[in-house]
Amino acid sequence: MANSASSSSVAMKIGARATRPRHAAICVLLAVSLIAGYARASESADGNEFFEKRIRPVLSEQCYKCHSAGAEKLKGGLMADSRESLLKGGDTGAAIVPGDVENSLLIGAVRWSDKDLQMPPKHRLSPEQVADLESWVKSGAPWPAETGAKTAVKKGFDLERRKQEHWCWQPLLKAAVPEVKDGAWPTCAIDRFVLSRLEEKGLKPAGNADRRTLIRRVSFDLIGLPPTPEEVEAFVKDSAPDAFEKVVDRLLASPQFGERWGRHWLDLVRYAETRGHEFDADIPNAWQYRDYVIRALNSDVPYNQFALEHFAGDLMTPRLNPKTGADESILGTGFWFLGEEVHSPVDIRQDEADRMDNRIDVMGKAFLGLTVGCARCHDHKFDAISQRDYYALTGFLISSGYRQARFETLVADREISRQLEKVRGDARTKVLREMAQALRPGIGNSANDLMAAAASLQGKHLPVGSAETPVNSETVERWASELKAAASDPQNPLHLFATVANATKGGQSGTQSLETIKAAPSSQKATAGFAPEQIVVNYAECEVKNWMQDGFSYGSQPLRAGEPVFGNTTGQPLLGIETRGAAVRDLAWKGLDVRCAEHDFGNLGKWDRGEKTLRTPETVVTAGRLWYLVKGAGRAYAVVNSHLLVNGPLHGALLREWNDGGGRWHWVEQNLADYVGHRVHVEFSPAGESDFAVAMVVQAKERPALPDEPNVLVTAASQKIAEPSPEALAAATQRVLVAACDRLGADQIVGKDDAEDWAKLADWLVRKLDLFCPQDSPERRHLAEACQDLITHQAELAGQIRTDSHTAPAMSDGSGADEFVLVRGQSKSPGAQVPRRFLEAIAGPDQPVITSGSGRLELARRVVDPSNPLTARVIVNRIWYHLLGRGIVPTVDNFGVLGEAPSNRELLDYLTARFIREQGWSIKKAIREIVLSRTYQMSSEPSDAHAEQVDPQNALLHRMNLRRLEGEIIRDEILAVSGQINLEMGGPSVPVHLTSFMEGRGRPSHSGPLDGNGRRSIYQEIRRNFLSPMMLAFDMPIPFNAMGRRNLSNVPAQALILMNDPFVIGQAKAWVHRLKPANTGERITQMYELAFCSPPSDAELADGTAFVREQAALYRKPESDETVWADYAHVLFNVKEFIYLN
Amino acid sequence: MLARCASGFGAIALTALLGDKAFGEVVSSGSDRHDPLAPKAPHFPAKARHVIFLYMDGGPSQVDTFDPKPRLNAEHGKPFAMKKEPTQFNDNGNTLGCPWSFKNYGQSGIPVSDLFPNVAQCVDDLAIIRSMTSEFSEHTSANFFLHTGSGLQGRPSMGAWAGYGLGSENADLPGFIVLNGGLIPPGGLDNFNSGFLPASYQGSIFKNGANAVANVTPTEASAELQNHKLALMRKLDRGVVSRFGKLDALESAIANYELAYRMQSAVPELMDLRGESAATKEFYGFNAPLPQTQTFGAQCLLARRLVERGVRFIELTCPAGAGDRWDQHGNLKEGHEKNARFVDQPIAGLLKDLKSRGLLESTLVVWGGEFGRTPFAQGKDGRDHNPFGFTMWMAGGGVKGGTIFGATDDYGYKVVENKVSIHDLHATMLHLLGIDHTKLTFRFSGRDMRLTDVYGEVMKEILV
């Protein structure tokens, strides 16, 4: 059996030992050090000999290729060629701890015990070699002193220097509009900037494009559709000086403008409607983001506002949709979630790091024209972006979460919630007072009632109807039934009485009753048993910054013990009194539902959480189990490392659902044993109509004790009784209940030390309203009247709640968390944490510390601050690129060192300054100014051979660039020309048309229509794993990263599609049906005007006429036959002029 | 043949339209033609001119195929002796013995399990790499990683990189062809895409059957009708050029139609197997009892025909019908047996046929999946994903046959010797194609991107 490799590597090692020369110099040094009496353990003679014989050869042969001053490329920042460098260590810390084998990374690495740190990387050292290294470290890692030890100096990363040396970090130039020789040519400042450069090179600008070319060009550029023949004729004939201006203004005002420029934007945010990976799960309602972009562009939302919305649309004062009142701003944050998601990643933390990397990368390129993503593993190789910058930005993202936001109802609901709060606040005193009033008579007679009920249960009957004790049989029955229940329920305030009464019945003595009373345990607070670090959140004492929810289902703050829980009927104006500080679901919001929106994939998607979610602060899993003290049926989604595609086989433990615990507080366990050491927060939502409340979340290995024990106040009062008897106990109980009723009526429970104890009694009283105060009693009627206003107001407000809403992917804000610098980008090697902040090169080293929440709004403000030299420049350059075919900075997504330098920085900065100061960040104004320039209106024909030679890339714009239309626009053009286009705007995408070549997991069960219902291409569904072959062939970017400039490739698939694809053939046929009846020549003319905006030349007319005649002959059909004309139409689709813009 | 692309229009203008600076340099230095698929000189003399990648979707088990571990059978049913890493299903049981036996084959005496009796006959041509590792335990990420060198979606596939580096030797067919046997791997067609490279390099999917390539069949009732249309188109295009100017992009688009036109006949000619002898077909498994073997046999034969026609990179995907790919989370015996029967005879047929025609020495054949399988059981009788040590093999194209490279531990769980990463695999494949993997770059995202990222070492030990 051949095993050449292993035998050769053995040979290598043996050879290494035999040939390693000994250093004479070391012996000398050794002698010197011994004489000097300076013999550290590390330099003993034995140690040195051992080192030279057994250690140095191994280090040298096995490590130095990557870990020495002589390494071609130093790996992991570690050098192993001196004791000092091993002590200093590399990216992951010290390589050796002299004397401590187990804590020396080097030893762990050569043992291959940690799968992420195995050295040498390709093969294991022999057990003897490992043992040698172990004993070397154990003996203190002796290393003979060496002179001239090589210590490579790591090339420094000097952010300030890099910033100084590269143009893009510099403020905008304040260049004057240049003087030009040919003063007649320019019509605006732009032209002067362009012409001045041309003149420097001795070049002349090209002539003007003719009017037909110009209107075709500007129509495609602004709305992505060809002008109609009528529009062309009108423009050609319009001799007014502002003829072109009118065309431009019409196009800018067209609703199709947003569709055209929206697609440019979608390229930057890797827009897709599925999450790719194995099953290509939907990104539900992604199209809402697409429509948001289109609306924003159409209404010319200033770009700084647009950018702010992308970063922090959920945190700012919302921009409202003027028609629907929906929150527009929040939709911008959806772009973060348009990337890939992985289900069941085995390494959930690394998966998160990869997802965050994509978000940072996309954000950096799209908004800043910077490759921030390149600083994930190390400081940027070329630009002034440190690795700390990268992780400072990542912190904003890990501090934020994903939700499907009810953007249509959020704003209105905020107002309703505010008013509800006010109405209840105003009524609170009165309702409590009236409630106590209603209870009081019943409570005042409760001792009697108790005795009567006890007697009744024992088969005895007390006399009924005496003056002092007006006991009737119904009352006795109610009390008896309550007493029965209380006997088996320690939390019932009557439990003690029930127990003693029972005992007495059984013949026990009074002394024994006293024993029972004394033995009754007193209650304790739920928090008592927990160390502070175990408590994730305790809503009884919750800081404002930890109060986070999507929507208003839990009110504006947690309820405190003793606060009323309002009901919605006059019969029961209060549902209870909150017995502990908790987040309590407000019944006003119970009707919320999502029927009209798409739901998430996987098990999580089955939960309706919109405006019903309560979010805990972030923590790190330590105990392996989270415990929730809750009431009612609910659900908890433990968001570990922001993982959201929960659908097996792994990570099912992140979802936990439980049933109602009989309306009592109970502990629910979530087992997160597999996630110890991972970041987590919990998102609670109620199940169904449940009265749901969360009091606290703790980490503990064991189930915490149930805190609810017999009522301490009843116990205490009872224990004061000298002669225990049922009568005395009944009287004591009544006294306590009266006191509770008084406190309730005066609203004097909340905030006191013993609030929880009184609240339990008050809650019981309120819930037992029927016991004390029957439905038909005058007190009850009085209570109902007194609460009528509140109930009516509440009902009115609740009636305004729109229960259903569309939803859209959006961010939610979490508690702030800073990310660790991940050494070499590996999640297994966390370094120091970096506070959240914007890029140091732009916002400086001393940025205000973010004190609450994610801080995205602060970040957003820094991004769009006019002092940031990049945000405005980058968008202005993109606009220029889309209109002229080449950016002033050609690498539109990369303004860094590896990008191309601006061809005319003065022009770029001039336009940018105007954009900020005079155009108010208006994209439409910027476009208008450019297309009205003479520069834009030049001909594209290369007529000047000299110019082509001097400026082959046309960087100076000596003529207009010839441009190929994008795949989407070619398709739209075909539909427009064939007359089949359907200009309906917005809404869910048309399902992608599936060909038999589009296979794989996650393939939709149904194909969309071949012609996409004639809708524009931007409304065709984009499924990551099933991209349209036509769009792919024509370079629609694969949606994985920001792609501001598309490839322009030439592939046979493009020709094959236009030649043979059934869509194209079908549209050619449809086109024929659109034509007006006419003779051959007129038909050809009609078709030319539709397809090319101009009538045919004589030659083209002749060629067309001949073709029609000959093709008809081949078919043996008349010239007028539609088959013949469909063939002709098909040829016109294939003429290059159809897909190029001159 | 019509000019493949109009020459005389410099590459400069085109490169101005394409990506970053670096791309322009590669294109223009490789050829004075601007055709992105024009053949380009390798960095050094190549051993292999073509690659056939036999992609075993799902992850075949190393310990049941080419990496025998007697201890598994000795300890079958007992608790697994090593520490177990988390797996995809985390439903891990005891040690699971190999249900097949191994025999030694050929001069080299390399052991192969009974799953591959036919491939075993070719073992002296194989370099068996027993020390492959991956970084991902999930199919999709591992597939992307295997195909593109990155676990994320959207990067260029290795076939696209080969086309970018070397161009194509066939003017009538694409440079990167995927013969789809029925199973598109998790992650979908993006495994074969060109990512940030121009679309010219994307894999073209060929299906079995009459309509192998999308839109390659003319819809006209007769060739005459289409030719007549194309003649008018050419005439009108000349008019466009005279009006718009002799611009490179325009000329390229026109030339593109000529290639498309030729593909219309080249593809049917390629797919037409009537000229192949009965003996050859028999060899490839056309008469095998299972239809999937016949399917894969036809793909293997097509792969040889594509090699003959100069296609640079050919990938084969497996036929469906064995449960779920090579992904036997349960019922290992039946699933692996079926999968092996689908491909064993066709692969052996391909290797022998290439060899007898003298094509094997210039064709690199690579076999393997995205990861291996655990030596311990999942559930009762399955194996879960194992990226810590698995087997791939290479043959032909400068590879030293009859070689075993690297080793896993006594249980076949983790690599203990000569660890090979996917980047190393790519580096070696490119090396055999005459490409220095550190120099094949494309400027994207402000970085000179490589198939091998910043990693990769050539496995010199398995080279001739």
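Reader: What should I know before I start?
Author: This is a predicted model, where local features need pLDDT of at least 70, side-chain atom pairs count only at pLDDT 80 or more, and totals for chains, interfaces and linings use all residues. Residues are numbered from 1 along each chain as its sequence is written, chains are lettered from A and ligands numbered from 1 in the order in which they are written, and side-chain values use heavy atoms, with hydrogens and water left out.

Reader: How many helices and strands are there in chain A?
Author: Helices (H or I, at least four residues) and strands (E, at least two) are DSSP runs, numbered from the N terminus. Chain A has 41 helices and 19 strands. Along the principal axes, its C-alpha atoms fill a box of roughly 120 × 105 × 65 Å.

Reader: What share of the residues in chain A is buried?
Author: Buried means under 20% relative accessible area, exposed over 50%, and partly exposed in between, with a 1.4 Å probe and protein chains only. Of the 1142 residues in chain A, 61% are buried. As for contacts (heavy atoms within 4.5 Å), take those in chain A with a separation of 6 or more: 73% of them are between residues 24 or more positions apart.

Reader: Is Tyr1128(A) buried or exposed?
Author: Tyr1128(A) is buried, at a relative accessible area of 0%. Its place is in helix H40 (residues 1122-1134) of chain A. Setting aside neighbours within four places in sequence, Tyr1128(A) is in contact with residues including Phe1107(A), Tyr1088(A) and, from the other chain letter, Leu232(B).

Reader: And where is Asn193(B) found?
Author: Look in the loop between strand S6 (176-180) and S7 of chain B. Asn193(B) counts as buried at 6% relative accessibility. Not counting residues up to four places away in sequence, Asn193(B) touches Leu1032(A) and Ile1038(A), and among its chain B partners are Arg155(B) and Gln202(B).

Reader: How do I read a sheet?
Author: Strands of a sheet pair through backbone hydrogen bonds, either parallel or antiparallel. Two strands pair if DSSP finds at least two bridges between them. In chain B, 8 strands form an open sheet in the order S7-S6-S8-S1-S9-S12-S5-S13, with mixed pairing. Its edge strands, each pairing on one side only, are S7 (204-207) and S13 (403-405). Strand S5 (residues 126-132) of chain B runs parallel to S13(B), joined by 3 bridges, and Ile128(B) stands opposite Ile404(B).

Reader: Which strands make up the open sheet of 3 strands?
Author: That one has the order S2-S10-S11 in chain B, with antiparallel pairing. S2 (92-95) and S11 (382-386) are the edge strands. S2(B) is joined to S10 (residues 372-378) by 2 bridges, and Asn92(B) stands opposite Gln378(B).

Reader: Last one: how much space lies in the second largest pocket?
Author: On a 1 Å grid over the protein atoms alone, a pocket is an open set of points where a 1.4 Å probe fits, with protein on both sides within 12 Å along at least five of seven lines, and lining residues have an atom within 4 Å of a point. A volume is the space filled by probe spheres set on the points. The second largest pocket has about 1200 Å³. Its lining has 50 residues, and Val565(A), Gly576(A), Glu578(A), Lys631(A) and Arg767(A) lie nearest its centre. H17(A) gives the largest share of that lining, 6 residues.
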